[in-house]
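Q: Could you walk me through this one, feature by feature? I would like to learn how to read each kind of description.

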Amino acid sequence: MQPSPPIILTIAGSDSSAGAGIQADLKTISALGGYGLSALTSVVSETPGHVSAIRLMEPDIIEDQIRVLLEAFPVGAVKMGMLGGSAQILSVVKQWKASSAAGLPLVVDPVMVATGGGRLLEEDAISHLVNALIPLARIITPNMDEAQVLSGDVLRSRDDLAACAEKLGRRYGVSVLIKGGHLADHEDASDVLWDAGSLHWFTAPRSLGVHTHGTGCAYSAAIATGLARGLGLHEAVNEAKQFISRAISTHFTWLGNKGTIHALNHFHSS
Ligand code: PXL
């Protein structure tokens, strides 16, 4: 008999171009030996770098997906990505509290804006994200832009990132991983983790000239998969960092009808 893999539930949006969102999560979870379940919050019609249209799901169908999955499967960890709006966030929080999930490790990727600039979270939903959802997380994984919105700080240096991670961690009582890949003037892509009262850096070589999207989605899904496999948080982040860094460095390139298209390689063998 095959050993049965750990189960990870992703609650996120669909990216039609399959580089980010639910599609990125399911590829990542599968590549890392997990079994992925999905609850769809939204459908985003997009190509890399261009969001064309967005439909948010009705709260009742979001709640029902989460309910049936958590009732039936022995889920090991949950990842939340794009939730889209206030009603969607509140329905996810309501269902989370109503189910047995409350004790599971929860990774929240506070998705706000697509890599290409399209807005993925309604402005008035930020307060619900902050007050209702983030405090439920084991870890949140903002990029620099999201960390700036959450903290009100301007982030320019590694010291700024570290101070911001600590501030957010203390404020919400969660672990915080801020991804510093967009930090100028550094040859490495370094991310800082605030966890259990101390700071840790995770560093990988930076790949230049790569225009992929969905790295944040894959990164947070990889952390959730590590946690579902029973890894501690540092080990889960460390493995996820190596996974994402290889997915970027071994990315695919096509010449499409509107120019070059890059995509992460989730199934690299490392
Ligand atoms: O990369 C952020 C992101 C998250 N979720 C969905 C997306 C995107 C970006 O395009 O489409 C569904």
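A: Gladly. Contact means heavy atoms within 4.5 Å. This is a predicted model, where local features need pLDDT of at least 70, side-chain atom pairs count only at pLDDT 80 or more, and totals for chains, interfaces and linings use all residues. Residues are numbered from 1 along each chain as its sequence is written, and side-chain values use heavy atoms, with hydrogens and water left out.

Q: Leaving aside neighbours within four places in sequence, with which residues is valine 78 in contact?
A: Valine 78 touches Leu9, Ile11, Trp96, Leu104, Pro105, Leu106, Val107 and Ala224.

Q: How should I read a nonpolar core?
A: In soluble globular proteins, nonpolar side chains tend to be buried together. A core here is a set of buried Ala, Val, Leu, Ile, Met, Phe, Trp, Tyr and Cys residues joined through side-chain atoms within 4.5 Å; buried means under 20% relative accessible area, exposed over 50%, and partly exposed in between (1.4 Å probe, protein chains only). The largest has 48 residues, and Leu9, Ile11, Val78 and Ile178 have the most contacts inside it. Apart from that core lies another of 24 residues, including Ile8 and Tyr219.

Q: And what about aromatic pairs?
A: A pair of aromatic rings is described by the distance of the centres and the angle of the planes. Rings of Phe, Tyr and Trp (its six-membered ring) pair if their centres lie within 6.5 Å; planes under 30 degrees apart are stacked, over 60 edge-to-face, and the rest tilted. The count comes to one pair. Phenylalanine 252 and tryptophan 254 have ring centres 6.0 Å apart and planes at 45 degrees, so this pair is tilted.

Q: Which relative accessible area does phenylalanine 252 have?
A: Phenylalanine 252 is partly exposed at 36%, and tryptophan 254 is partly exposed at 45%.
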